[in-house]
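This report describes the structure shown below, from its overall dimensions to individual residues.

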Amino acid sequence: MSRLTAAAVTVVAAAALAVGAALGVVALLEATPDQPNTPLITYEQAGQGS
């Protein structure tokens, strides 16, 4: 195999691996459930009359 062919195969394999890794990361992020958006601290509202 010539060097040019070997380089082309390496580039194509690296690109396919990068795309596969990116799709895997996106799939993992989509699989995690959303966390509830509840505040840790709540403040009581003061009355409006002063």
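## Burial and model basis

Buried residues account for 0% of the 50 residues in the protein chain, where buried means under 20% relative accessible area, exposed over 50% and partly exposed in between, with a 1.4 Å probe and protein chains only. The accessible surface of the protein chain is about 5,100 Å², with 66% of it belonging to carbon and sulfur atoms; areas come from the Shrake-Rupley method with a 1.4 Å probe.

The model is predicted: local features need pLDDT of at least 70, side-chain atom pairs count only at pLDDT 80 or more, and totals for chains, interfaces and linings use all residues. Residues are numbered from 1 along each chain as its sequence is written, and side-chain values use heavy atoms, leaving out hydrogens and water.

## Overall form

The protein chain has 1 helix and 0 strands (DSSP runs, numbered from the N terminus: helices are H or I with at least four residues, strands E with at least two). Its radius of gyration, 26 Å, is well over the 10 Å that the globule rule gives for 50 residues, so the chain is more spread out than a compact globule. The radius is taken over C-alpha atoms, and the rule is 2.2 Å times the number of residues to the power 0.38. Along the principal axes, the C-alpha atoms fill a box of roughly 85 × 20 × 10 Å.

## Selected residues

Ala 14 is in helix H1 and is partly exposed at 43% relative accessibility. Its C-alpha atom is separated by 51 Å from that of Thr 42, 28 residues apart along the chain.

Leu 40 lies in the segment after helix H1 (3-31) and is exposed, at 88% relative accessible area.
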